[in-house]
Amino acid sequence: MRINDVILRTVVRFVVFIILTLAIYLFFAGHYSPGGGFIGGLVIASAFVLLYVTFDIEKVKKGIPVDFKKVAALGVFLAVGTGFGSVLFGVDFLTQAAKKFHIPLLGEKELGTVMLFELGVALTVVGVVMTIIVSIAEGDGD
Amino acid sequence: MMIKGILTIALIFFTITVVICLYRVIKGPTLPDRVVALDMIGVNMLSMIAIISLLQNTTAYLEVILILGILSFIGTIAFSKYIERGVIIERKSNR
């Protein structure tokens, strides 16, 4: 039986990019307002889940050729690496530093090593959530 | 002052709508009834959060509105696909 879902596929192609934009906004807003690496990772994972639901596993794997287990491992490595990086400078584990920079077009912005830690958290969340969901979906024994 | 009263009355009406939808979710004779009622609960909750953020005069809830909309959308699509095809994530679709 052929199923007609042209509307869903057309809408999802645009909506996925809106969701990814929201995820990036949430990731960078997490310094002083609601947001951060965990929430950003969850929203990115929800965009991927939307792709998996609309299309099938093989088509998405051809489009996004990423092994999500390796993404989770890279995220944990980044998050722990920022902790050990502070040990190399002679301060306590996970000590974070921040400095104000003048970026053209954006003005005065504060950049910190917290962002690298948050990036690690986001990658870990994306990797773990997508690994769980894809392995549950592949495990239907019929 | 009058705006505040109007918004409070609107909140009460939204609450009544959510309760009616909850009745449909529990009682609903078929699965599509329940799915449509759940989607409607999500939309009404979005509106309630918007009204609450107006009442408290803050913008802190705007991300909640966006994320609740996204999750309600994905949930409705997943339920509809379950009703129509039986599986939510297919290994290979025959198109």
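**View 1. Salt bridge between Asp5(A) and Arg85(B).** In this predicted model, the side chains of Asp5(A) and Arg85(B) form a salt bridge with an N to O distance of 3.5 Å. The term denotes a side-chain nitrogen of Lys or Arg within 4 Å of a carboxyl oxygen of Asp or Glu. The count between chain B and chain A is 1 salt bridge. On the side of chain B that touches chain A, the residues comprise 10 nonpolar, 1 polar and 8 charged; here Ala, Val, Leu, Ile, Met, Phe, Trp, Tyr, Cys and Pro count as nonpolar, Asp, Glu, Lys and Arg as charged, and the others, Gly among them, as polar.

**View 2. Interface of chain B with chain A.** Contact (heavy atoms within 4.5 Å) joins 19 residues of chain B to 29 residues of chain A. About 2200 Å² is buried between the two chains, with 65% given by carbon and sulfur atoms; buried area is the accessible area (1.4 Å probe) that two parts lose on being put together, summed over both.

**View 3. Packing of H1(A) with H3(B).** Helix H1 (residues 6-29) of chain A packs with helix H3 (residues 62-85) of chain B at an angle of about 145°, and their axes are 12 Å apart. Helices are DSSP runs (H or I, at least four residues), numbered from the N terminus. Axes are lines fitted to C-alpha atoms over the stretch in contact, and angles run from 0 to 180 degrees between N-to-C directions. Residues making the contact include Val15(A) and Ile19(A) of H1(A), and Ile70(B) and Phe73(B) of H3(B). This contact comprises 12 nonpolar, no polar and 1 charged residues.

**Conventions.** Residues are numbered from 1 along each chain as its sequence is written, and chains are lettered from A in the order in which they are written. Local features need pLDDT of at least 70, side-chain atom pairs count only at pLDDT 80 or more, and totals for chains, interfaces and linings use all residues, while side-chain values use heavy atoms, without hydrogens and water.

Notes. Helix = DSSP H or I, 4+ residues; strand = E, 2+ residues; numbered from the N terminus.
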